[in-house]
Amino acid sequence: MAEVLDNDTLGRAKPSTEQDISDELDLKIKKYLRGEGANLEVLTDKKLKGQLSVREELYSKSAKVAAKADKWLVPSEGGYLEAEGIEKTWRIKQEAIAKEVDILSSRNQYDIILPELGPYTLQFTSSGRYMAVGGRKGHLGIVDLMNTSLIKEFQVRETVRDVTFLHNELFFAAAQKKYLYIYDRAGTELHCLKEHGSVLRLQFLKNHFLLASINKFGQLHYQDVTLGAMVGNIRTGLGRTDVMQVNPFNGVVALGHSGGRVTMWKPTSSAPLVKMLCHHGPLSALAFHSNGHLMATAGRDKKIKLWDLRKFEALQTLHGHANTLDFSQKGLLACGTGSFIQVLGDLSGTQNYSRYMTHSMVKGYQIAKLMFRPYEDVLGIGHSMGWSSILIPGSGEPNFDTWVANPFETSKQRREKEVRSLLDKLPPETIMLDPSKIGSVKPTRREKMTRMEREAEIEAAVEAAKDIEMKKKTKGRSKPSKKLKKKKEAIEKVKRPFLEENIKEEAISRKKRKMSEEVGLPKSLKRFAGRKPST
């Protein structure tokens, strides 16, 4: 009998792998549950009890679905450098990291030395597979980072200030000495955009298919690359600037100016959406977090500041200087100045950034641009002697969504994605500080109060003002005459908004009456309508 029971229990027991999977799912379900469930036994109201039980069931189902998606669709987990004891992560060198990582990751550590053509600027595609490089002396090239192969390089024989990819790796724009040019993957010149002038910085708004540029006269241009139309031509009126960045959350372009101000723009407005004083001196760099709520600025006053854009308040001020800033997908902040790179991390999750990693280039190398490679723990560095790449553990998103960015996409998938993104293209009017307002219902206007209701409201406000008790004060300030005077002032203060509203309504009604009188007159006599008759 005992043997039979043992066999039954063994038959009912799950294999270790299944048990592990179920335990892991339970942990993930706890992660997605919305706190502790409501205690339904205490409730006496049957209707409320039924509603809450249905809601709790929905919450548990959604947590299970989210846990399964997390388990099977997000298999990789991001990690960071962890130090033991008194060891510090920022003391770990690239040579030590290279010894511990796999062969594929170690290939991402390299230096390309081209001293005659620098300093270099660089840009990655959204999938992180391709990189465009531009040397100040006219060298342009596209590199396939997955195969570590050069697709195309050519010499334009004039100054190149900035490069950026358009919607995919087939086209890229280069800000050259006089004009802005667009090239294809084979290096063929497709367009020369003379309207932009001598461009200093470029940004591409991928959801709106807009190419934004700032030229040396402080003019901000927006060009629709699908139609070729100039959507916006704005004079900033704040002088020359080469600090420009686009907020990935809402498509607003931010400019950093010599007066220490940051201005935020959209193509349909000639005035800035926001103008905020960030530093007591010229701005040198600017970067946005991928969530769009965090902005980092660096100024010549040797301070790096982190700003909460929901409240437009400074969260943290760090001492240091940076010529270039960039946020990674996981929220690490890279700062570069001279030949020194510092990576700051919010490892505690409290938006308190501290030193995470450091790296020193060869003495004499001047860093021009830093940029994290998407979906890889890699930081690209453009400097005066070429470009380099170093490993920053925990910087990249470990799991990519093939509908958003696919490093392994075929030409057919690329074509389909291009058509789909063109169909989903957003108009320039949708660029705003709070894009969540799009699709929301406009609040209904408050209905006009009748004369009786208004009078009743005034009476109630006056009675409330009369009932206010006055404080007892010394030195004759509590005389009956003084108290009466103060009460009269309080009543007048309460009545003032109602009186102002009445004056406004009368002015509007007078204007309407005047317009109706003018409509009745013939065209030749309308110019005499406003004049008083001469006696």
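How many helices and strands are there in the protein? There are eight helices and 28 strands, where helices (H or I, at least four residues) and strands (E, at least two) are DSSP runs numbered from the N terminus.

The model is predicted, so local features need pLDDT of at least 70 and side-chain atom pairs count only at pLDDT 80 or more, while totals for chains, interfaces and linings use all residues. Residues are numbered from 1 along each chain as its sequence is written, and side-chain values use heavy atoms, with hydrogens and water left out.

**View 1. The largest nonpolar core has 27 residues.** A nonpolar core is a set of buried Ala, Val, Leu, Ile, Met, Phe, Trp, Tyr and Cys residues joined through side-chain atoms within 4.5 Å; buried means under 20% relative accessible area, exposed over 50%, and partly exposed in between (1.4 Å probe, protein chains only). The members that touch the most others are L220, Y222, V253, V262, M264, M276 and M295. At least two core residues come from each of β11 (210–215), β12 (219–224), β14 (243–246), β15 (253–256), β16 (261–265), β17 (274–277) and β18 (283–288). Another core, of 20 residues, lies apart from it and includes I92, V343, L391 and I392.

**View 2. V262 and residues in contact with it.** Contact means heavy atoms within 4.5 Å. Not counting residues up to four places away in sequence, V262 touches A254, L255, V274, K275, M276, C278, L283, L286, M295 and T297.

**View 3. T121 is in strand β2 (residues 120–124).** T121 has a relative accessible area of 9% and is therefore buried. With neighbours within four places in sequence left aside, T121 is in contact with A132, V133, G134, R161, D162, V163 and K369.

**View 4. The largest cavity holds about 50 Å³ of space.** On a 1 Å grid over the protein atoms alone, a cavity is a set of points where a 1.4 Å probe fits but cannot get out; lining residues have an atom within 4 Å of a point. Grid points are joined across faces, edges and corners, and a volume is the space filled by probe spheres set on the points. The lining consists of N108, Y110, F124, M131, L145, R373, V378, G380, S388 and S389. Strands β27 (378–383) and β28 (386–391) are the elements that give two or more residues to this lining.

Conventions:
1 Å grid on protein atoms, 1.4 Å probe; cavity = no way out; pocket = protein on both sides within 12 Å on 5 of 7 lines; lining within 4 Å.
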